[in-house]
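Here is a short report on a two-chain model. Look over the sequence and the structure first, then read on.

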Amino acid sequence: MMTTRKEFDLGLDELNALIVQMGKRVERAVGDSMLALQSVDVEEARRLIAEDKELNAIEEKISELGASLIARQQPVAKDLRRILVAFKIASDLERMGDLSVDIAKVVVRLEGQTLIKPLIDLPRMADIVKLMTYESIQAFVLEDTELAYKMAKDDDVVDALYAQIIRELFAIMMENPKTISQANLLSFVGRYIERFADHATNIGESVVYLVTGTRPDLNS
Amino acid sequence: MGTLIDIGKLHLYYGAFHALKNVSMDIPEKAITAFIGPSGCGKSTLLRTLNRMNDMIPGTRIEGRIAVGGTDIYSKEVDVETLRKKVGMVFQQPNPFPKSIYDNVAYGPRLHGIRSKGQLDEIVETSLRSAVLWDEVKDHLKRSALSLSGGQQQRLCIARALAVNPDILLMDEATSALDPISTLKIEELAQELKDRYTIVMVTHNMHQAARVSNQTVFFLNGEVVEYSDTEKLFSNPRDQRTEDYISGRFG
């Protein structure tokens, strides 16, 4: 005989929906901040910085809902992992939002400048981490560990691109020390995206933990 | 942790009803083992086989082996009274005798031939202290046990069981008739007692099993579905049926 726990299941569904909502926003935020950087669009960057508040608000909602479900429904096993994982994913997504804000802040600091080079690899990195974000959330929704592992592999591509960007910026700085200030900021952006990808990988780990109950290390 | 109770290929029938099916498990000494499962799953039946309480139910037939400390408790040489001295039991409803607090605890030792007042006094005090009831009753040991609250009565029943110096304490839904505070006191008491006794408990309250036991056994339709460390069983059970039951989506 099956029994259902309607209230509890509704709560868990809502938790999932909030994660998906955060994931979509984060995916958009990193893409938009890269576009703002490419065109040094300060106004857009300021809008993106302000928008981050909404992301934080969703994370708070997830914390409150999760705490209330734990207190009232006393979940165990996978139900409990689902809530623990929601906390962890929400916190990763919140950090990813912050990193997008950091990129937007770089745009603000570049106000009035022209870029020292056309940006090619940074937007490529941003495209990859956008996809990683999408896939990590898909993996969460579908409880698809294979997708989680596949997504985590892209982190290596991101790391390789980051190393390449740093080398390139180094060469530019040595050639022309006047570029140092901007090149430095652009290398920060590379670093932000690289960190962003690590958080996406963490989400993949959370998915594997949710499904299997064991914690893998997808970063290695 | 060594094994104290060794159950092998145990089948139990109530007439035509096959209540326990091929149950095998090792229950470790000086730990708390909890039996959980929906009503009619066989968990209380198994508990009652451990001190042969099922003997009293007509039509009960048993196959297989239950050994306590290496001795087959269903062998002809085993005296049931001696067995029950070694395997004490506490029930769902506190059932003190309509006697004084003192006489409740002294009942068992007297039955086993202890007459000396000094010795009885000592046993009564030690048992009541072990059951964390001494401080509440020491000034009125002659008062009727029935004047105690439900939670106190249950601790008195535990003291009474401890007075004959058992190795094993069986708790059959021992807190289900108690209020939450008394329940927590009994749970705390069980935690303290497990250093000296082997405790086996049946509980309908899964969270109680999760809170207090070291091992948990999940039963379904007379079979053992899963026997794991409690932490493992409640965080990542092996069997989907266990997951469904402990998540409240089944049974």
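What are the helix and strand percentages over residues 19-107 of chain A, and how far apart are the end C-alpha atoms? The stretch is 93% helix and 0% strand, with the end C-alpha atoms 28 Å apart. Helices (H or I, at least four residues) and strands (E, at least two) are DSSP runs, numbered from the N terminus.

## Basis of the model

This is a predicted model: local features need pLDDT of at least 70, side-chain atom pairs count only at pLDDT 80 or more, and totals for chains, interfaces and linings use all residues. Residues are numbered from 1 along each chain as its sequence is written, chains are lettered from A and ligands numbered from 1 in the order in which they are written, and side-chain values use heavy atoms, with hydrogens and water left out.

## Chain A

The UniProt annotation "domain: PhoU", from an unreviewed entry, covers residues 19-107 and 122-207 of chain A. UniProt positions are given in the numbering used here, feature names are shortened, and annotations may be inferred rather than shown by experiment. Residues 122-207 of chain A are 93% helix and 0% strand. Their end C-alpha atoms are 28 Å apart.

One loop residue deserves a look. V40(A) sits between helix 1 (6-38) and helix 2 (42-73) of chain A. V40(A) is not a glycine, yet its phi is positive, about 40 degrees. Most residues other than glycine have a negative phi. V40(A) counts as buried because its relative accessibility is 18%. Buried means under 20% relative accessible area, exposed over 50%, partly exposed in between (1.4 Å probe, protein chains only).

## Chain B: strands

UniProt lists "domain: ABC transporter" (unreviewed entry) for residues 5-246 of chain B. Over that range the chain is 37% helix and 27% strand. The end C-alpha atoms lie 25 Å apart.

Is strand 3 (residues 32-36) of chain B mostly covered or mostly uncovered? Mostly covered: five of its five residues are buried. In a regular strand the side chains alternate between the two faces of the sheet. Here I32(B), A34(B) and I36(B) are buried on one side, and T33(B) and F35(B) on the other. Strand 3 of chain B runs parallel to strand 8 (residues 198-202) of chain B, over four bridges. Two strands pair if DSSP finds at least two bridges between them. A34(B) has M201(B) as its bridge partner in strand 8. Strand 3 of chain B also runs parallel to strand 9 (residues 215-220) of chain B, again with four bridges. There, T33(B) stands opposite Q215(B).

Strand 1 (residues 3-14) and strand 4 (residues 60-68) of chain B are joined by eight bridges. D6(B) stands opposite A67(B) in strand 4. A67(B) also stands opposite D72(B) in strand 5 of chain B. Strand 4 and strand 5 (residues 71-72) of chain B run antiparallel over two bridges. They form a hairpin with two residues between them. In the turn, G69(B) has a positive phi of about 55 degrees.

## Chain B: helices and a loop

Helix 3 (residues 101-111) of chain B has the buried residues I101(B), Y102(B), N104(B), V105(B), A106(B), G108(B) and P109(B). Their cover includes helix 4 (117-130), helix 5 (134-137) and helix 6 (150-162) of chain B. Contact means heavy atoms within 4.5 Å. G113(B) follows helix 3, with a positive phi near 100 degrees.

V132(B) lies in the loop between helix 4 and helix 5 of chain B. Its phi is also positive, near 50 degrees, and V132(B) is not a glycine. V132(B) is partly exposed, with a relative accessible area of 40%.

S44(B) belongs to helix 1 (residues 43-49) of chain B. Leaving out residues up to four places away in sequence, S44(B) touches D172(B) and V202(B).

## Where the chains meet

The contact takes 13 residues from chain B and 15 residues from chain A. The two chains bury about 1200 Å² between them, 42% of it on carbon and sulfur atoms. Buried area is the accessible area (1.4 Å probe) that two parts lose on being put together, summed over both.

Two salt bridges link chain B and chain A. A salt bridge is a side-chain nitrogen of Lys or Arg within 4 Å of a carboxyl oxygen of Asp or Glu. D9(A) and R249(B) meet in a salt bridge at 2.3 Å, N to O. On the side of chain B that touches chain A, helix 9 (230-235) and helix 10 (240-246) of chain B are the elements that give two or more residues. Helix 10 of chain B gives the largest share, three residues.
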